[in-house]
Amino acid sequence: MRDRATTDVTTIGRTDGDGPRLPLGRYLARDGSHGGDVALDCARPHAMCLVGKRGSGKSNTLALLAEGLCAVDGTVPVVVDPMGGFAGLDALGVTVCEPRVSAGAIPAREWPRLVGLDPREPAGALVWTAASERPTLAEMREYVDSEGTRPTRRVAANHLARAASWEVFAPEGIRRPTEPTVLNLAGVSDRAANAVVRAVATGLYERRLSGEGPLPWLLVDEAHVFLDGVAAPALDTLLTRGRAPGVSLVLATQRPDALPETAVSQADLLATHRLTGRADTAAVAGARGDYVDGPVEPRIPAGVGDLLVFDDATERAHSVRVSERATSHGGTAPTLGTDGYE
């Protein structure tokens with residue numbers, strides 16, 4: 001484990017005790033000077049919301065967490081990468097894949113919504129029944145072709161054909177990664193990406209319920225894409241019940257005002273980079289304003305790579321200058337202020 005056993009390292013996320021931690025950066029004083037080293041606890045599971053305007057350093061922080069987790073025995077980072085910004089983690093031996101999941105990993109009741117049909121309408125009901133009766137997408141399509149009226153079959157078949165065109169379904173798909181993994185979803189539609197995240201989040205939770213494998217950290221970039229789709233129930237389960245079996249969740253988004261109340265209330269760590277929208281700053285201030293003496297808005301970072309972390313464990317707010325990631329951003333060399341702090 002890459003952990004400095006020095007006494008001047010402050011660990012966010014725990015009040016006492018030893019254990020592994022993830023190097024995060026250095027304290028940032030109000031005058032801009034740097035203080036001692038700061039790390040993030042990973043000895044126990046956490047739920048974290050990481051917010052910030054595009055270009056503020058959010059992706060750098062997410063990559064830094066993944067890098068640190070790769071060096072901790074007994075944990076495994078799984079990164080949801082909708083923009084292709086984390087492929088550089090392969091330098092650490094992380095598997096970067098274009099994921100495929102089993103159609104059966106998506107609950108039958110979610111299939112109409114997934115393909116854009118109303119379950120109360122005949123075509124949506126037919127897709128629901130097909131998903132209940134058949135375990136693969138190919139078999140679902142065969143079932144639809146043999147059931148119902150011709151107009152209903154045609155509508156249902158067209159929507160399932162569109163799902164097949166996403167190329168994210170396979171009879172034996174990834175669900176429960178036990179090795180560091182980047183799920184490369186660049187260029188994948190939001191609906192298809194939601195299917196992947198629903199299957200993987202559910203699989204990780206079920207794996208840990210059975211006590212199997214290392215403790216997973218699911219790191220979700222562009223989380224707002226998944227908090228309003230079929231992945232949302234699985235992410236909500238991790239937020240509300242994931243820590244008991246040992247599943248950590250990090251939701252990263254540039255739109256804190258889009259985070260559901262559950263995400264903000266259940267997260268024990270709320271971290272913000274630079275924000276400029278009034279609704280976004282108000283959402284952060286309203287969530288953890290009691291941690292700060294005086295108004296929260298002036299404490300929200302203005303510089304790229306600066307981070308304000310609200311920690312429920314200590315009920316404190318920590319200002320941090322985040323270290324730059326070691327791996328490249330999207331396959332290019334990281335540069336402060338551009339690729340490195342994207």
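A crossing of two helices is called left-handed if the near helix is turned anticlockwise from the far one by less than a right angle, and right-handed if clockwise. With that convention stated, I turn to the structure. It is a predicted model, in which local features need pLDDT of at least 70 and side-chain atom pairs count only at pLDDT 80 or more, while totals for chains, interfaces and linings use all residues. Residues are numbered from 1 along each chain as its sequence is written, and side-chain values use heavy atoms, with hydrogens and water left out.

Helices (H or I, at least four residues) and strands (E, at least two) are DSSP runs, numbered from the N terminus.

I begin with H3 and H5. Two packed helices are described by the angle between their axes and the distance between the axes. Here, axes are lines fitted to C-alpha atoms, for helices over the stretch in contact, and angles run from 0 to 180 degrees between N-to-C directions. The axes of H3 and H5 cross at roughly 60° and come within 8 Å. That makes H3 oblique to H5; angles under 35 degrees count as roughly parallel, over 145 as roughly antiparallel, 65 to 115 as roughly perpendicular and the rest as oblique. The crossing of H3 and H5 is right-handed. In contact terms (heavy atoms within 4.5 Å), Pro-122, Ala-123, Leu-126 and Val-127 of H3 meet Thr-152, Arg-153, Val-155, Ala-156 and Leu-160 of H5. By class, these residues comprise 7 nonpolar, 1 polar and 1 charged. Ala, Val, Leu, Ile, Met, Phe, Trp, Tyr, Cys and Pro count as nonpolar, Asp, Glu, Lys and Arg as charged, and the others, Gly among them, as polar.

H3 also packs on H4, at an angle of about 130° and with the axes 9 Å apart. H3 is therefore oblique to H4, and this crossing too is right-handed. From H3, Leu-126, Thr-129, Ala-130, Ala-131 and Glu-133 take part, and from H4, Met-140, Tyr-143 and Val-144. The contact of H3 with H4 has 6 nonpolar residues, 1 polar and 1 charged.

Which residues of H4 are buried? In this helix, residues 137–145, they are Leu-137, Met-140, Tyr-143 and Val-144, where buried means under 20% relative accessible area, exposed over 50%, and partly exposed in between (1.4 Å probe, protein chains only). Seen down the axis of H4, the buried residues fall within an arc of 115°, so they line one face of the helix; the arc is that of the directions from the helix axis to the C-beta atoms. The face turned away from the buried side carries the exposed Glu-142 and Asp-145. The buried residues of H4 pack against helix H2 (111–114), H3 (122–133) and H5 (150–165).

Next come H6 (residues 190–209) and H7 (residues 232–241), which pack at about 30° with axes 8 Å apart. H6 is therefore roughly parallel to H7, and passes H7 in a left-handed crossing. The H6 residues in contact include Val-197, Arg-198 and Tyr-205, and those of H7 include Pro-233, Leu-238 and Arg-241.

I close with two single residues. Val-101 lies in the loop between strand E6 (95–97) and H2, and is buried, with a relative accessible area of 0%. Its C-alpha atom is 7.9 Å from that of Ala-195, 94 residues apart along the chain. Arg-162, in helix H5, is partly exposed at 46% relative accessible area.
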